[in-house]
Structure formats: structure tokens, C-alpha cells
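These are my notebook entries on one protein structure. I looked up how parts of its chain are linked and how its side chains are placed.

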Amino acid sequence: NCSTFATQTLTVTSEPLSVTIGTNAEIIKDTLTYTKQFVVTVVDSSGAAKADVNIVASVDLPNYRKGSYALAGTAWAKVSDTLCLNEDTNRNGVLEANEDSTGNGNGNGNGTLEPRKADVSVSLVSTKTDSKGSVVLEVTYPQDHGSWVDAVITVTASGIAGTEGRATYNLTPVPVDAASIRNTNSPPAFVVSPYGTATSCTNPN
């Protein structure tokens, strides 16, 4: 008897399963801004890096802070730090009825929304992961806003269903550089909050 055997090669495609975001202890100080870099990584079910996965990033500013710094020995330190909720409750960037009202216990009645959406921006160096399954994300903000606004970074990877397709990172508040804190010869750009110094959120000052 003669038997015939056929050999066939199958290609198994693994789908992206999980995305994560992380960073280091460094912060980039430019002439006017701070930039904090993050790495976003996507892997499959075996933990292998997934290249060419589309990444989308966004930032939300849940709180802003009022207060100031003062020189305390060999460094600058906060002497007041009042936490206030974002006045733009529906995050549409439009001042609407009661959002800025002092009557709701949160608005300060100055006719504008605090914080402004543009106070912190987020950008991706590339919108797709590289051969290591990673992409670099950058969060940028003016130096005078450093330590005075909270940011929540959210990244989403395409092709991942469920909870593991999204990751968040909290910056509460957005950081400043240690050198400026230690420079006792010159006050830092963030010595006074751009949102005011009053200890009440309903006070516009």
C-alpha cells in the first residue's frame, strides 16, 4: 500500500492584547515649556511586542490649583495649594450656564473657564508602534503652569477589545524640574499659580 502525505504550513497571527504607559524621572525644560515623555507599549497574549498598532492619545485636566511658592531655606516650597475642579463640566470648551457661577461652589465668576484645555497638550512622536511595540508620547505645558494643574493621560490601542485596550497615567500635578526648585538665586516661573492665589475656588483672585 502506498500512502500520500501532504505538509502544509500555517501562519498563526497573534492579535494585540494589552497596552501600557510609563515614564522615567526626567523632565525636559525648554525656553518656555516643560515636556514629560512617556513610552506606550503594546503586546500580544504571549507578551511579544506588537508593531504597527495604531495609538490614540488624549489628555483631561480634572483639577487646577491656586497658590504660590516661597523660599524655604535651600529650596522653593509651596506655601499654599488650593485644589479646584475643572469648571468645564462637560469638557466641550464652551462656557455654558452655571459652569463659571460661584453659586455652584466651584466656579469663580470671572467669565472664563479654568483650566483652559490648551494649558496641557499631548502628542505622539509616531501614531504607530515600532518593532519593539512602543511609541513615545509627549506631554507639554508652559513652565508657569508647572505644578498648578492636574492631567490624566489616556492612550488607546486599536484592535484591542475590553479594558486592556486602554491605559491611563495621572500627573497630579504636572511636574517641574528639580533645578528650578533648588535655585535660590531666582524665583521659578511657577512661583505663583496662573490661576490665582486665593484659598477659595469661588474667588477669582
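**Entry 1: The disulfide**

I began with the link between C84 and C201, which is left-handed, with -95° about the S-S bond. The model is a predicted one, and every value in these entries is computed from it. C84 lies in strand β6 and C201 in the segment after α1 (178–182), so this pair ties together parts that stand 117 residues apart in sequence. I noted that the sulfur atoms of C84 and C201 are 2.1 Å apart. The structure holds one disulfide.

I then looked up the accessibility of both cysteines. C84 has a relative accessibility of 0% and counts as buried. C201 also counts as buried, at 13%. Here the cut-off matters, because buried means under 20% relative accessible area.

I turned next to charged side chains. Side chains of opposite charge can pair when their charged atoms come close. How many salt bridges does the structure hold? I found four.

One of the salt bridges joins the side chains of D60 and R91, at 2.7 Å from N to O. D60 belongs to strand β4 (residues 55–60), whereas R91 is in the loop between β6 (75–85) and β7 (121–124), so the pair connects parts 31 residues apart in sequence. Are these two residues buried or partly exposed? D60 is partly exposed, with a relative accessible area of 27%. R91 is partly exposed as well, at 36% relative accessibility.

**Entry 2: The network around R65**

Which residues are linked with R65 in a network of salt bridges? I recorded K78, D81 and D150.

The side chain of R65 meets that of D81 in a salt bridge of 3.2 Å, N to O. This pair links distant parts of the chain, with D81 in strand β6 and R65 in strand β5 (residues 63–72), 16 residues apart. D81 counts as partly exposed at 35% relative accessibility, whereas R65 is buried, with a relative accessible area of 12%.

R65 also forms a salt bridge with D150, and their closest N and O atoms are 2.8 Å apart. D150 is found in the loop between β8 (134–142) and β9 (151–157) and R65 in strand β5, so this pair ties together parts 85 residues apart in sequence. Both D150 and R65 are buried.

**Entry 3: Q143**

I stayed with the loop between β8 and β9, where Q143 also lies. Is Q143 buried or exposed? At 9% relative accessibility, Q143 counts as buried.

I then listed what Q143 touches, leaving out residues up to four places away in sequence. The contacts are K29, D30, T31, L32, T33, Y34, A189 and F190. For T31, I also noted that its backbone oxygen lies 3.4 Å from a polar atom of the Q143 side chain.

**Entry 4: The partners of strand β8**

Last, I looked up how β8 is paired with other strands. Strand β3 (residues 33–44) and β8 pair in the antiparallel sense over nine bridges. In β8, T140 stands opposite T35.

β7 and β8 also run antiparallel, and four bridges join them. Here S123 stands opposite E138 in β8.

Note on methods:
Residues are numbered from 1 along each chain as its sequence is written. This is a predicted model: local features need pLDDT of at least 70, side-chain atom pairs count only at pLDDT 80 or more; totals for chains, interfaces and linings use all residues. Side-chain values use heavy atoms; hydrogens and water are left out. Helices (H or I, at least four residues) and strands (E, at least two) are DSSP runs, numbered from the N terminus. Buried means under 20% relative accessible area, exposed over 50%, partly exposed in between (1.4 Å probe, protein chains only). A disulfide is a pair of cysteine sulfur atoms within 2.5 Å. A polar contact is a pair of N or O atoms within 3.5 Å; within protein, one must be able to donate a hydrogen and the other to accept it, and residues adjacent in sequence count only if both atoms are side-chain atoms. Contact means heavy atoms within 4.5 Å. Two strands pair if DSSP finds at least two bridges between them.
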